[in-house]
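Hi,

Here is the structure I promised you.

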Amino acid sequence: RGARRLLVDYVAADPTFALREPGLETLVVAHELPAGESADIVLEDRAGAIVAVQVDAEEDRLATVAHASIRRAMLELEMERGPGRSRVFVVAHSVSPEMRELYASYGIECFAIDEDLVRSWDGHRSSASGASTGCEPSRC
């Protein structure tokens with residue numbers, strides 16, 4: 001399996017653990033939106049806000065910010081949450097300091113999750129033990 005798909009699966013399986021935010025719940029994976037847009041994962045936080053998750057964004061800076069902002073607005077409309085009742089996350093294996101700063105300036109929350117951690121999880125997820133790895137992502 002590709003690294004991007006594994007990262008989607010990892011976050012969607014237990015977003016509270018993966019992103020270290022209590023109360024996150026996965027609503028939909030690979031959610032199609034109007035105008036050819038899609039959200040890799042749609043979450044809901046404990047306050048009821050919708051969260052669009054964009055995984056492993058390797059697009060140019062302008063495209064990443066634009067697509068994240070568009071997806072957030074589309075989900076607010078589609079899920080009838082109203083303006084400001086949504087969030088957007090970018091999740092990748094690494095995020096440069098420059099991109100962290102850019103994302104923050106547009107209200108985009110970002111998370112870096114080590115690729116080895118995700119591969120280890122993938123190797124253990126079929127086991128019956130269900131034990132967590134105890135590793136944490138780096139939150140921007």
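What covers the buried residues of α4? The cover includes α3, β4 and β5 (109–112). Before I go on, a word on the source: this is a predicted model, where local features need pLDDT of at least 70 and side-chain atom pairs count only at pLDDT 80 or more, while totals for chains, interfaces and linings use all residues. Residues are numbered from 1 along each chain as its sequence is written, and side-chain values use heavy atoms, with hydrogens and water left out.

Back to helix α4 (residues 97–105), where Met99, Leu102 and Tyr103 are buried. Buried means under 20% relative accessible area, exposed means over 50%, and partly exposed is in between (1.4 Å probe, protein chains only). Helices (H or I, at least four residues) and strands (E, at least two) are DSSP runs, numbered from the N terminus. Those three residues cover an arc of only 100° around the axis, so they sit on the same side of α4; the arc is that of the directions from the helix axis to the C-beta atoms. On the face turned away from the buried side you'll find the exposed residues Pro97, Glu101, Ala104 and Ser105. Just after α4, Gly107 takes a positive phi of about 75°.

Helix α1 itself spans residues 3–13, and its buried residues pack against α2 (15–19), β1 (25–32), β2 (38–44), β3 (50–55), β4 (86–92) and α5 (115–124).

Val53, in strand β3, is buried with a relative accessible area of 2%. Leaving out residues up to four places away in sequence, Val53 touches Ala39, Asp40, Ile41, Leu43, Phe89 and Val91 (contact means heavy atoms within 4.5 Å).

On to charges. A salt bridge here is a side-chain nitrogen of Lys or Arg within 4 Å of a carboxyl oxygen of Asp or Glu, and the count comes to 7. Three of them to look up:

- Asp40 and Arg4 meet at 2.5 Å, N to O. Asp40 lies in strand β2 and Arg4 in helix α1, so this pair ties together parts 36 residues apart in sequence.
- Arg81 and Glu44 meet at 2.8 Å, N to O. Arg81 is in the loop between α3 and β4 and Glu44 in strand β2, so the link joins parts 37 residues apart in sequence.
- Asp45 and Arg87 meet at 2.9 Å, N to O, and both are buried. Asp45 and Arg87 also belong to a salt-bridge network with Glu21 and Glu109.

Cheers
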